[in-house]
Amino acid sequence: MLEWARQRPDDGFVIGVALRLRGPRPTPARLAALLAARLPALPGLAERLDGPTGQERWRPAEDFDAAHHVHTLDGAAEPHRGAELMANQPVCGDRPRWGLWLLDTPQEDEFLLAYRVHHAAQDGTAVAHTIGRLLDARVPALPTGRSPTDAGRWASAPPPGSDRLLAAADVPVEAMRAISRASGASLNDVHLAALTGALRAWLPPGARDHPVPVRVPFNVRLRQERQDRGNRYGYKRVLLPVDEPSARQRLAQVVEQTSVWPRDRNRRLLDLIPDDLMRDHISDFLSSQDSLATVTLLGAHTPLALDGSPVTGGLALPPLIGGHLFSSVLFIHGARACLSVTAQRRHDHVRDLPRLWQRAVVELATASCP
C-alpha cells in the first residue's frame, strides 16, 4: 500500500475516525501523556514501516515520541465540518504514520478528537482496535502530573492536492437492528441495502437500470494474531441491486450475495502471493472499471472516554482509493450509526448520499417492520 500511495499521490490512502467528546479539551501535552500511558497496549503505534521500495519492514522507531503525534487545529468548527478539516490534514511519513488531532466545536465543553493512520500501517479492524484500547473508558485515567511540553502542531489549512469532501448522516442503531431482527439480515446487509436505495435515488436514470458493483472489505485475522497493525483483509465484489424497485427485495438480494464470505480462500492468497503479484492484483479491483466505490462497516463496541470526557458520537474518515468515485464507512458506536462518504472535491454531488442513505433506512424499516 505504500507503493500504491507512491504511484498514486492523489489518492488519500489514510483512514481514521473523528470522535465528539463532552468535556474540557485536554492540552496537547496532556493528550501526549495519556497516549504514552496507553502505549504498552498498542505497540504498533511505536513501530515504523519503511525501507527500500518493495522491501518495507516493520521495526521499532528508536526516536519515538508520543508528543510528535499530537496536533491541534485553530478555532472551532461544527462536528461534520471539523471532521472534514481533520480528514485533510497530512500524516507525516518520516515517523510512524499516524496522528491525533484536537479541535473545538462551537458548543461549550465539547471538542473533537481524530485518529488518522496511513492504510499501509493499519486497516479498519486495526483502527477500531486502536481506538478501543486508546480510549477505553474502563481503564483508570492518568493521574494529574507532569506531562510532555513539546506537542506537535500543524497548520489547520489542508495542503494543496489533498482537499477532499466528507459528508455524513446518522440513524439510531436500534432502527437498523429492528430491520435485522425482522428480516434475518445482518447489520452490514441492512447497511448495504440502504446504500442500494440511496444510489437508486442518486444515480441518473440510465445508470440505475442494472446492478452497481462495489467492493466490500472483510477481516481475515486469526484471534491469536496481532490486531493493532498491518492489513489482513479480503475484498468481496457485491452487486447492489439498484434496478430493484422494492426495498424488501433489495435487502433479500444483498443477503443472498453476502451469505458466504470467502475468508479462508482470501487468507490463503494473502499468505502465499508475493508482494509484487499482490500489488498487480490490487490494481485490478481498486479501479473504476471494477467497482463504483469501496463500502465497509466499522464498530467501536467498548465505552469510550478520554481523561473522563465521554465520547458522545463519531464518524469514520474513509480512505479515498483506487479510482473509485467514493469510499464510505458506516461507523457504529453507542446508540448511533453514522454513514460517512468521502470523494474528491470536484465530485461535490456525492454529498447527497448520506442523506439519501438515511431516508433509505426509513424505507427499509417501513418495508420490513410494517
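How do α6 and α10 lie relative to each other? I looked this up, then followed the neighbouring contacts.

**Ground rules.** I am working with a predicted model, where local features need pLDDT of at least 70, side-chain atom pairs count only at pLDDT 80 or more, and totals for chains, interfaces and linings use all residues. Residues are numbered from 1 along each chain as its sequence is written, and side-chain values use heavy atoms, with hydrogens and water left out.

Entry 1: I took helices (H or I, at least four residues) and strands (E, at least two) as DSSP runs, numbered from the N terminus. Two packed helices are described by the angle between their axes and the distance between the axes. Axes are lines fitted to C-alpha atoms, for helices over the stretch in contact, and angles run from 0 to 180 degrees between N-to-C directions. Helix α10 covers residues 352-368, and α6 packs on α10 at about 120°, with the axes 7 Å apart. So α6 and α10 are oblique to each other. My cut-offs: under 35 degrees is roughly parallel, over 145 roughly antiparallel, 65 to 115 roughly perpendicular, and the rest oblique. The crossing of α6 and α10 is right-handed.

I listed the contacts next (heavy atoms within 4.5 Å). On the α6 side they include H191, L195 and W202; on the α10 side, L353, W357 and L364 are among them. By class, I found 14 nonpolar, two polar and two charged residues. Nonpolar here is Ala, Val, Leu, Ile, Met, Phe, Trp, Tyr, Cys and Pro; charged is Asp, Glu, Lys and Arg; the others, Gly among them, are polar.

**Entry 2: α5 and α6.** Helix α5 spans residues 173-183 and helix α6 spans 187-202; their axes come within 9 Å and cross at roughly 105°. That makes α5 roughly perpendicular to α6. M176, R177, I179 and S180 of α5 touch L187, V190 and H191 of α6.

**Entry 3: α5 and α10.** These axes come within 9 Å and cross at roughly 35°. The crossing is left-handed. M176, I179 and A182 of α5 meet W357, V361, L364, A365 and S368 of α10. I sorted that contact into seven nonpolar, one polar and no charged residues.

**Entry 4: a buried residue pair.** Both W98 and Y115 are buried (under 20% relative accessible area; exposed is over 50%, partly exposed in between; 1.4 Å probe, protein chains only).

Notes. A crossing is left-handed if the near helix is turned anticlockwise from the far one by less than a right angle, and right-handed if clockwise.
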